[in-house]
Amino acid sequence: MATSQNGWPALAADSTLLHTWVIQGKSGTTRIRMRGGSAGFLLAHCALWFDGKVEDLVEHVLDDWGYAYRPVRGYETTLSNHSSGTAIDLNATDHPLGAAGTFTPAECAAIRQRLNLYKGTIRWGGDYQGRKDSMHFEIDAPLAVAEKVARGLLDTPRGKRLLKANPGQRAVILS
Ligand SMILES: [Zn+2]
């Protein structure tokens, strides 16, 4: 099985490992298809925070994206982490690939501080060394590490809210 750039297995569009995460944020409900279990949980947890604290996810356009089987843009063979359902794009049209400065310095600082909670399991595209991808957040750890961090967040207020809106996912994370 092919793997995406972060080493997670790429998934077919009809894979039972994919789950449409229901994210009930401050601005409303957003549904984003990602890997089920710990990877999707961590990204959805981060998205839920983002919605309350950085920008509204529910706006005039639907531009919050998850799973997509495709190469990294500009490359022919390296599979994007979207291919394994372990990446998420938030407010994509407001933060186009390659554009810098679409978030204020305060927002960037808030995002970086927030990522400490996820203990290195989530990398932000706004921190890429080369081409910035500020809409993009991805899992940057192996499954065992992601599971450990996810389990530690199950009973946080946002964790509980997410699991309530996504019945069955607690069992997947604990399996
Ligand atoms: Zn992306």
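Guide: Helices (H or I, at least four residues) and strands (E, at least two) are DSSP runs, numbered from the N terminus. The model under discussion is predicted.

Visitor: In the loop between which two elements is N91 placed?
Guide: The strand to consider is β3, residues 87–89, and the helix is α2, residues 105–115. N91 is placed in the loop between β3 and α2.

Visitor: Is N91 buried or exposed?
Guide: Buried means under 20% relative accessible area. The relative accessible area of N91 is 0%, so N91 is buried.

Visitor: What is the phi of N91?
Guide: Most residues other than glycine have a negative phi. N91 is not a glycine, yet its phi is positive, at about 45 degrees.

Visitor: What is the phi of K119, and where is K119 found?
Guide: K119 is likewise not a glycine and has a positive phi, of about 50 degrees. Its place in the chain is the loop between α2 and β4.

Visitor: Is K119 buried or exposed?
Guide: The cut-off for exposed is over 50% relative accessible area. K119 has a relative accessible area of 63%, and therefore counts as exposed.

Visitor: Which residues provide the protein donors of the zinc ion?
Guide: The donor atoms are NE2 and ND1 of two histidines and OD of an aspartate, lying 2.0 to 2.1 Å from the zinc ion. Along the sequence the donor residues follow the spacing H-x6-D-x46-H. Both H82 and D89 are buried. The donor residues are H82, D89 and H136.

Visitor: What separates the C-alpha atoms of G126 and H136?
Guide: G126 is placed in the loop between β4 (122–124) and β5 (136–139), and H136 is a donor residue of the zinc ion. The two residues are 10 apart along the chain. Their C-alpha atoms are separated by 7.3 Å.

Visitor: Is G126 buried or exposed, and which residues is G126 in contact with beyond its neighbours within four places in sequence?
Guide: With a relative accessible area of 11%, G126 is buried. Leaving aside neighbours within four places in sequence, its contacts are R112, K132, D133 and S134.

Visitor: Which residues does K132 touch, not counting those up to four places away in sequence?
Guide: K132 is found in the loop between β4 and β5, and at 27% relative accessibility it counts as partly exposed. The C-alpha atoms of K132 and L97 are separated by 6.5 Å, although the residues are 35 apart along the chain. The residues touched by K132 are L97, G98, A99, A100, G125, G126 and D127.

Visitor: How far apart in space are G36 and I173, C-alpha to C-alpha?
Guide: G36 lies in the loop between β2 (28–35) and α1, and counts as buried at 12% relative accessibility. Leaving aside neighbours within four places in sequence, G36 is in contact with residues including Q169 and V172. G36 and I173 are 137 residues apart in sequence, and C-alpha to C-alpha their distance is 8.1 Å.

Visitor: Which residues is D56 in contact with, leaving aside its neighbours within four places in sequence?
Guide: D56 is placed in the loop between α1 and β3, and is partly exposed with a relative accessible area of 43%. With neighbours within four places left aside, its contacts are S27, D51 and N91.

Visitor: What covers the buried residues of α3?
Guide: Helix α3 spans residues 143–153, and A146, E147, V149, A150 and L153 are buried in it. In an α-helix there are 3.6 residues a turn, so residues three or four places apart point the same way. The cover over the buried residues includes α1 (38–53), α4 (157–165) and α5 (169–174).

Visitor: What pattern does the protein follow along the sequence, and what is its radius of gyration?
Guide: There are 5 helices and 5 strands, in the pattern β-β-α-β-α-β-β-α-α-α. The globule rule gives 16 Å for 175 residues, and the protein comes close to this, so it is as compact as a globular protein of that length. Its radius of gyration is 15 Å.

Visitor: How many positive and negative side chains does the protein have?
Guide: The centres of the two sets lie 8 Å apart. The counts are 20 positive and 17 negative.

Definitions and conventions: Residues numbered from 1 in each chain as written. Predicted model: local features only at pLDDT ≥ 70, side-chain atom pairs only at ≥ 80, totals over all residues. Heavy atoms only, no water. Donors = N, O, S within 2.8 Å, 3.2 Å for Na, K, Ca; no water. Buried < 20%, exposed > 50% of the residue type's maximum accessible area, 1.4 Å probe, protein only. Contact = heavy atoms within 4.5 Å. Rg over C-alpha atoms; globule rule 2.2 N^0.38 Å. Lys, Arg positive; Asp, Glu negative; His and termini not counted. Charge placed at Lys NZ, Arg CZ, Asp CG, Glu CD.
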